[in-house]
Amino acid sequence: MAKSSAKEDGIRGIQKAAILLISLGPERSAGIFKHLKEEEIEELTLEIANTRSITPQVKDDVINEFYEICLAQQYIAEGGIGYAKELLEKAVGAEKAMDVIGKLTASLQVKPFEFVRKTDATQIINFIQDEHPQTIALILSYLAPSQSALVISALPPERQADVARRIAVMDRTSPDVIKEVEKVLESKLASLVNQDYTIIGGVDAVVEILNTVDRGTERHIMETLEIDEPELADEIRKKMFVFEDILLLDDRAIQRVLREVDNNDLAVALKVANDDVKGAIFNNMSKRLVVMIQEDMEFMGPVRMKDVEEAQQKIVNVIRKLEDTGEIVISRGGGDEIVV
């Protein structure tokens, strides 16, 4: 009787995962479980419990497939999809390489412009600064907000708001357009772009970028958009949080934020803050600490606006972090939201 293999038997992914964990042994499998979601652990545990016997051939097939996928992931991390495909072809042959890459890209949902995501922001700026604003907007929509923030900050002031506006109003982009842009930028991913229309950009994308850039760039972009696209600017601002928006927090939330803030940063940040902001903060501090902060503000002398903005940004970052972890909730004008 011919030996069966994992491929020939059409074993499902969950079954392969169970076979792999059984093969790795309890100690290594326990380490893997630590990185899985609760429902994934339950599903795998059930599958392992229902697995009665595994032929040596099937076991070897599963382990080999796992090894090939790990190898592909390593190659992708080192040099992108094209590099991984080239090395895998040499290692396991062209047909097998395409099969492994296909599985991997489908599971990882590899995004276009992946090669740009691995590039230093300074190089990206030199690479795309002379491109059309729509091309720049398309590329920045696919990058991490931190990368996009550095790039948009380095653009000429007159182009910053234009690019931000294009990101915000961007909705769906044809895969053919993406391929063409990638081809111009010598992308290695053009042949592997998913043929479904890809939703990118939008207000949330530009908010993430503006939340990361320096306050000067953020202010310039928002002021320009308020003139050219007032409705869009209003929509963006509702989703953003700037230092002055600390007034949106209730006393408990402000007290939670202040526990994470350095007093020196707070004194610098309040140097040019309006009375309402100062009042909201001082009302949630002890009288002794208020006096100390006020004395620091008085005796520090003139402070560069850049230093004030940096200090304010540090506090805003604390607020955003606490919101992300669910420790505070920021009411952004919805009316029904409660700050806790």
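Asp 265 and Lys 314 join their side chains in a salt bridge, with 3.7 Å from N to O (a salt bridge is a side-chain nitrogen of Lys or Arg within 4 Å of a carboxyl oxygen of Asp or Glu). The model is a predicted one, so local features need pLDDT of at least 70 and side-chain atom pairs count only at pLDDT 80 or more, while totals for chains, interfaces and linings use all residues. Residues are numbered from 1 along each chain as its sequence is written, and side-chain values use heavy atoms, with hydrogens and water left out.

**Exercise 1.** Find out which helices hold Asp 265 and Lys 314, and whether each residue is buried or partly exposed.

*Solution.* 
- Step 1: go back to the pair, whose N and O atoms are 3.7 Å apart. Asp 265 sits in helix α16 (residues 263–269) and Lys 314 in helix α19 (residues 305–324), so this pair, 49 residues apart, links distant parts of the chain. Helices (H or I, at least four residues) and strands (E, at least two) are DSSP runs, numbered from the N terminus.
- Step 2: check accessibility. Buried means under 20% relative accessible area, exposed over 50%, and partly exposed in between (1.4 Å probe, protein chains only). At 17%, Asp 265 is buried; Lys 314, at 46%, is partly exposed.

**Exercise 2.** Look at the salt bridge between Asp 162 and Arg 166: how far apart are the two residues in helix α10?

*Solution.* 
- Step 1: the closest N and O atoms of Asp 162 and Arg 166 are 3.1 Å apart.
- Step 2: both residues lie in α10 (residues 157–169), four residues apart, which means about one helical turn between them. An α-helix has 3.6 residues a turn, so residues three or four places apart point the same way.
- Step 3: Asp 162 is partly exposed at 22%, whereas Arg 166 is buried at 19%.
- Step 4: look for partners. Asp 162, Arg 165 and Arg 166 form a network of salt bridges.

**Exercise 3.** Compare the span of α10 with the expected one, then say how α10 lies against α12.

*Solution.* 
- Step 1: α10 has 13 residues, and from first C-alpha to last it reaches 19 Å, close to the 18 Å expected (1.5 Å times one less than the number of residues).
- Step 2: the axes of α10 and α12 come within 6 Å and cross at roughly 140°. Axes are lines fitted to C-alpha atoms, for helices over the stretch in contact, with angles from 0 to 180 degrees between N-to-C directions.
- Step 3: Ala 164, Ile 167 and Ala 168 of α10 meet Val 203, Ala 205, Val 206 and Ile 209 of α12 (contact means heavy atoms within 4.5 Å).

**Exercise 4.** How many residues are in the largest nonpolar core, and what does Leu 140 touch?

*Solution.* 
- Step 1: a nonpolar core is a set of buried Ala, Val, Leu, Ile, Met, Phe, Trp, Tyr and Cys residues joined through side-chain atoms within 4.5 Å.
- Step 2: the largest one has 35 residues, and Leu 140, Val 163 and Ile 167 are among those with the most contacts inside it.
- Step 3: leaving out residues up to four places away in sequence, Leu 140 touches partners including Val 151, Ile 152, Val 163 and Ile 167.
- Step 4: there's also a second, separate core of 32 residues, with Ile 254 and Val 318 among them.
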